[in-house]
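Trainee: I would like to go through this model before using it. Can we take it one question at a time?

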Amino acid sequence: RIRQAGLEVRPHAKAHKSPAIALRQIASGAHGICCQQLSEAQVFAAAGVQDILVTNQVVGLLKTRRAACLSKSTRLAVCADHPLPVTQLAAAARAADTVIGVLVEVDIGHGRCGVTSPEEALAVANAVRDSTPHLEFRGIHAFRGSAQHMRDPDSRANAVTAAVSLLRQHVALLEQSG
């Protein structure tokens, strides 16, 4: 059904932390995997996983260099919620002559990380665009996982509806800006 709808599945490896299971998921049709940390991504890439999204920000010169090195052996994407790490990623990717994918992290109510306004999202996306060809804008990333812990169905539905509405505002500005 997912393929018929033109969509792809990218399971989060934190559920199993097993390269063998990740490779089985990919063999069964998963597009790639997600990892929370760059160090986890390195383990999965060393085991042969070829498409990894780090669902976290990679900040600082040491980590951005590690990301650039990793991106030479696997299709890598990371999240960003500020132009500064984008600049750091771009410099590392340029020095390594590689490409790193970037998704703009949007806070849609989880309160943990991500830009909090469509204008901030646009600033990060523009920083990625300005760093082409070494960075590639791959979309946006948003997480409202705390909604799953709301036991009242109406509260959960309201939280998800608000999150989707907020996300649509970000998407609209990004699309208007090309």
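This is a predicted model: local features need pLDDT of at least 70, side-chain atom pairs count only at pLDDT 80 or more; totals for chains, interfaces and linings use all residues.

Mentor: Residues are numbered from 1 along each chain as its sequence is written, and side-chain values use heavy atoms, with hydrogens and water left out.

Trainee: What is the radius of gyration of the protein?

Mentor: The radius is taken over C-alpha atoms, and the globule rule is 2.2 Å times the number of residues to the power 0.38. For 178 residues, that rule puts a compact globule near 16 Å, and the protein agrees with it at 17 Å.

Trainee: Which residues have the most contacts inside the largest nonpolar core?

Mentor: Such a core is a set of buried Ala, Val, Leu, Ile, Met, Phe, Trp, Tyr and Cys residues joined through side-chain atoms within 4.5 Å. Buried means under 20% relative accessible area, exposed over 50%, partly exposed in between (1.4 Å probe, protein chains only). The largest core has 39 residues, and those with the most contacts inside it are I33, F44, I52, L89, I100 and L135. Its largest share, six residues, comes from helix 5 (residues 118-129).

Trainee: How many of the residues of strand 4 are buried?

Mentor: On one side of strand 4, I100, V102, V104 and V106 are buried, and on the other G101, L103 and E105 are. Strand 4 is therefore largely enclosed by the rest of the structure, the count of buried residues being seven of the seven.

Trainee: Which residue of strand 4 is the bridge partner of V78?

Mentor: Two strands pair if DSSP finds at least two bridges between them. Strand 3 (residues 75-80) pairs with strand 4 in the parallel sense, over four bridges. The partner of V78 in strand 4 is V102.

Trainee: Is L174 buried or exposed?

Mentor: L174 is in helix 6 (residues 153-176). Contact means heavy atoms within 4.5 Å; beyond its neighbours within four places in sequence, L174 is in contact with A121, L122, A125 and I140. With a relative accessibility of 13%, L174 counts as buried.

Trainee: How far apart are the end C-alpha atoms of helix 6?

Mentor: The expected span of a helix is 1.5 Å times one less than its number of residues. Helix 6 has 24 residues and should span 34 Å; this agrees with its end C-alpha atoms, which are apart by 34 Å.

Trainee: Which residues are joined by a cis peptide bond?

Mentor: Most residues other than glycine have a negative phi, and most peptide bonds are trans. P133 lies in the loop between helix 5 and strand 5. With omega about 15 degrees, the cis bond joins T132 and P133.

Trainee: What is the phi of D97?

Mentor: D97 sits in the loop between helix 4 (83-96) and strand 4, and its relative accessible area of 60% makes D97 exposed. D97 is a residue other than glycine, yet its phi is positive, near 50 degrees.

Technical notes: Helices (H or I, at least four residues) and strands (E, at least two) are DSSP runs, numbered from the N terminus.
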